[in-house]
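Hello! Here is the structure I promised to pass on to you. Have a look at it first, and then read on for what turned up in it.

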Amino acid sequence: MNRIENHPILGEPQKTEKVTFCFDGQEMNGNMGEPIAMALKANGVMIHRYTQKEHKPRGIFCAIGRCTDCVMIVDGKPNVRTCVTPLKDGMVIQTQDGVMPKTEANEVERSRV
Amino acid sequence: MKRYEVIVVGAGPSGLSAAIEAAKRGLKVIVFDENEKPGGQLFKQIHKFFGSKKHHAKIRGFKIGENLLEEANYAGVEVALNATVIGLYADKEVVVRRNDQVFHYKGDCIIIATGAAENMVTFPGWTLPGVIGAGAAQTMMNLHGIKPGKKVLMLGSGNVGLVVSFQLLQAGCEVVALVDAAPQIGGYGVHAAKLSRTGVPFYLSHTIAKAHGEDCVTGVTICEVDSQFKLIAGTEKYFDVDTICMAVGLSPMSQLLKMSGCLMEDNPKRGGQVPIIDEFGETSVPGIFAAGDVSGIEEASSAMIEGRMAGVCVAEYLGYCTHEEKNESLAELKKDLESLRQGMFAPANRGKKITKTEEGIEISDSLLKNGFVAEQEIERYPGVVHKSGIHPVIECTQNIPCNPCQDACPKGCISIGENITNLPVVEDENVCINCGMCVASCSGQAIFLVDEDCGDGSATVTIPYEFLPIPEVGEKGFGLGRNGERLCEATVVSVKSVKAFDHTNLLTMRVPKEYAMSARFYAS
């Protein structure tokens with residue numbers, strides 16, 4: 001796990017409500033209100049999106065909402081900065097491919113273009 | 001359109017300080033910040049700050065943030081969060097985006113305290129997931145309790161790179177190397193020494209040649225550079241890492257000032273595009289002020305003073321205090337700011353090569369190149385003395401504005417004097433009572449308590465220890481040198497953790513007496 005269980009200065013993490021969310025069809029757990037990107041990182045997810053033109057992977061980069069590298073599709077809305085968007089119970093989060101969800105249909109569409 | 005007397009943009013250290021000073025004098029102030037929480041970057045700073053008592057020295061950054069919020073609350077400052085200022089127009093019209101709506105406000109005065117954004121360097125593979133900014137690492141581990149990676153390479157040896165590397169170790173990550181293209185370490189020597197003694201290697205005159213990996217970082221190749229910063233073929237070194245962290249400077253986020261018509265300049269000494277301001281932060285547009293990193297990259301302590309200056313100026317500008325009151329407050333603040341801008345790392349000394357301390361002692365070459373003071377160099381400094389019985393050994397070898405150690409010792413064993421950048425001197429006549437307050441008070445973790453000869457062939461060395469797990473008394477391990485190498489066997493004889501030490505544990509280890517002046521860290 002990527003969560004720090006005990007920290008020499010900050011101590012143990014505050015107890016927060018656990019929520020479940022869906023990442024690309026997979027059920028995952030996270031802490032209520034933490035940035036979506038942190039919950040994904042805790043679950044080992046590194047790739048948040050693929051670039052439109054070159055189809056290159058991107059993940060967390062600045063973690064403070066500046067760079068927009070970590071944008072994903074959240075509850076159907078694309079280009080959501082996951083590093084500054086709080087996680088809620090039942091959220092549906094999808095890897096973004098260009099500006100669409102990464103699905104097989106989109107892959108086919110892309111290869112035709 | 002809603003009107004405020006003062007609109008502050010940015011609820012970080014300088015913005016909040018500005019708002020406090022204005023609100024205290026009766027002005028109606030609102031602070032807009034794009035983030036979900038106020039405090040800017042202060043809440044990610046878990047290290048003890050440098051400076052004097054008045055400048056919050058030896059207090060950890062997040063605690064300073066808490067105190068500032070409390071003060072702002074008490075002064076009646078209104079902070080609007082999740083509110084991004086997207087425009088600053090003529091007649092001080094401020095346009096704010098909240099959720100997906102845009103609102104217009106009008107300020108009689110504007111204080112821009114938007115801070116700075118991280119710089120980046122590019123190299124093949126730099127866009128891979130796993131390449132992150134040092135600020136991102138801090139955000140993950142210190143705010144959200146997430147490890148940025150298992151094995152991390154840090155690029156950049158300024159104070160941010162050094163401090164964040166240490167925080168990565170505290171979070172339980174491995175820092176495989178600290179790399180900088182410059183030929184010498186940019187940040188405080190004491191910060192570098194903290195890392196070196198745990199075994200983190202420094203590669204100066206090196207940069208990243210390539211990040212490896214398809215979907216995310218799996219490794220990194222670094223390469224030596226020549227004096228023109230060109231890669232030298234054949235000097236490549238590979239590291240197995242999952243994270244590459246960049247701490248390569250900051251740039252002022254001054255776009256709003258430019259947009260509002262303030263005269264700007266490109267000033268590399270201040271970090272890039274900055275407004276032209278007077279000494280208290282007023283721009284070329286009357287009533288628009290700039291404070292903190294947006295007007296020149298420094299650090300949080302000076303940003304807070306600059307913010308207070310702007311707050312006082314605004315109060316006078318709008319008639320809430322007299323000219324005399326303003327001048328009195330500003331004179332005091334100016335004195336504080338000047339005291340922070342002293343020493344080897346002062347803004348005025350940026351880019352200068354300094355070879356001697358203010359006392360005329362040669363600077364440790366090894367510290368600048370390797371991250372630790374060499375054994376043959378350490379005896380030069382006035383904090384390194386030999387005495388019978390327990391006594392402090394202060395390995396503080398550069399002039400930086402910091403003096404908490406002087407006040408920490410109840411017996412007057414340590415003196416710095418009036419000039420805050422002086423190297424600490426261990427006084428010969430006063431007797432150490434082994435209380436450990438100096439060790440815990442040193443933000444640079446550069447003070448050790450040493451009993452060079454316990455009479456049985458052993459010595460004891462007390463070190464500051466901010467890692468987990470805390471070693472058990474009686475545990476046998478190793479004494480490490482300043483460069484992190486295993487020197488000798490060591491036994492833990494005590495671990496003191498009291499509230500006054502503020503999470504800096506004092507670990508005392510027994511080592512063979514010949515290592516009294518060289519064992520500076522413990523590893524089990």
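His56(B) sits in the loop between strand 2 (29–32) and helix 2 (61–75) of chain B. His56(B) has a positive phi, near 65°, and is a residue other than glycine. Is His56(B) buried or exposed? His56(B) counts as buried because 21 C-beta neighbours lie inside 10 Å. The cut-offs are these: a residue is buried if 20 or more other C-beta atoms lie within 10 Å of its own, exposed if 12 or fewer, and partly exposed in between, with C-beta atoms placed from the backbone.

Before you go further, please keep in mind that this is a predicted model, in which local features need pLDDT of at least 70 and side-chain atom pairs count only at pLDDT 80 or more, while totals for chains, interfaces and linings use all residues. Residues are numbered from 1 along each chain as its sequence is written, and chains are lettered from A and ligands numbered from 1 in the order in which they are written.

Chain A has a positive phi to show you as well. Thr68(A), which is not a glycine, has a phi of about 65°. Thr68(A) belongs to the loop between strand 4 and strand 5 (71–74) of chain A. Thr68(A) is partly exposed, because it has 14 C-beta neighbours inside 10 Å.

Now for chain A as a whole. Its secondary structure consists of two helices and nine strands, in the order β-β-α-β-β-β-β-β-β-β-α from the N terminus on. The C-alpha trace of chain A spans about 55 × 25 × 20 Å along its principal axes. Of the 113 residues in chain A, 40% are buried.

You will find Met91(A) in the loop between strand 6 (77–81) and strand 7 (92–94) of chain A. Met91(A) is buried, since 20 other C-beta atoms lie within 10 Å. Which residues does Met91(A) touch, not counting those up to four places away in sequence? They are Phe21(A), Val74(A) and Asp75(A), where a contact means that the C-beta atoms of two residues, placed from the backbone, lie within 7 Å. Thr20(A) is 71 residues from Met91(A) along the chain, yet their C-alpha atoms are separated by 7.7 Å.

Next, the place where the chains meet. The contact takes 28 residues from chain A and 31 residues from chain B. On the chain A side, helix 1 (36–42) and strand 4 (57–58) each give two or more residues, and helix 1 of chain A has the largest share, with three residues.

Chain B features in the largest nonpolar core, which has 195 residues. Such a core is a set of buried Ala, Val, Leu, Ile, Met, Phe, Trp, Tyr and Cys residues joined through C-beta atoms within 7 Å. Helix 7 (residues 300–317) of chain B gives the largest share of this core, eleven residues. Cys245(B) is one of the residues with the most contacts inside the core. Leaving aside neighbours within four places in sequence, the contacts of Cys245(B) include Ile132(B), Pro148(B) and Val164(B).

One last stop: the peptide bond from Leu468(B) to Pro469(B) is cis, with omega near -5°. Pro469(B) lies in the loop between strand 24 (458–465) and strand 25 (476–480) of chain B.

Enjoy exploring!

Note on methods
Helices (H or I, at least four residues) and strands (E, at least two) are DSSP runs, numbered from the N terminus.
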